[in-house]
Amino acid sequence: MEKFRIMFLCTGNSCRSQMAEGWARFLTHDDIEICSAGIEAHGQNVQAIKVMAEVGIDISSQESIRVNGEMLEWADLLVTLCENADEQCPVVSPHTLRLHLPLTDPAKFRGTEDEILAEFRITREKIKQRVNYVLQQLNKSVANSR
């Protein structure tokens, strides 16, 4: 049986989509393939890596990459995590489902280091909720198709 493929997309593929990829890999089984990308590639975000490590998820080896047509063709489900990605996303294949679950960008938050990390932790937990939602819906869909 072919694996179901999920791609998480945000503006720069440095925070939200990277954390979503990490959560999805952590929470799924081997029957789902996961990737993330951005409308642009902004590189890795040290705060995102740090707060994910706090919950035992290492995203430090994930790459910040720019979405391309081949990736959009690859995905069975495209989850956009910000307004920019939803609006700027190139046309997807007719077989690709789209789901928009927007979050504010924690990298744009200004404050002390502790306040910034607190904002990243809040975003991390919101992303976990959204990834759990996606996986629950996918499991329901698979169960109903049997």
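These legends describe close-up views of a predicted model.

Residues are numbered from 1 along each chain as its sequence is written. Local features need pLDDT of at least 70 and side-chain atom pairs count only at pLDDT 80 or more, while totals for chains, interfaces and linings use all residues, and side-chain values use heavy atoms, without hydrogens and water.

**View 1. Strand β1 and its two partners.** β1 covers residues 4-10; strands are DSSP runs of E with at least two residues, helices runs of H or I with at least four, numbered from the N terminus. Of the 7 residues in β1, 6 are buried (under 20% relative accessible area, 1.4 Å probe, protein chains only). β1 runs parallel to β2 (residues 32-38), joined by 7 bridges; strands pair if DSSP finds at least two bridges between them. F8 is opposite S36 of β2. β1 also pairs in the parallel sense with β3 (residues 77-80), over 4 bridges, and there L9 has T80 as its bridge partner.

View 2. N13 sits between β1 and α1 (16-27). Its phi is positive, about 50°, although N13 is not a glycine. Most residues other than glycine have a negative phi. N13 is buried, at a relative accessible area of 0%.

**View 3. Helix α2 and its buried face.** Q47, A48, V51 and M52 are buried in α2 (residues 46-53). Down the helix axis, the buried residues of α2 fall within an arc of 130°, so they line one face; the arc is that of the directions from the axis to the C-beta atoms. At the start of α2, a side-chain oxygen of N45 comes to within 2.9 Å of the backbone nitrogen of Q47.

Key
Buried < 20%, exposed > 50% of the residue type's maximum accessible area, 1.4 Å probe, protein only. Polar contact = N/O pair within 3.5 Å; in protein donor to acceptor, adjacent residues only side chain to side chain.
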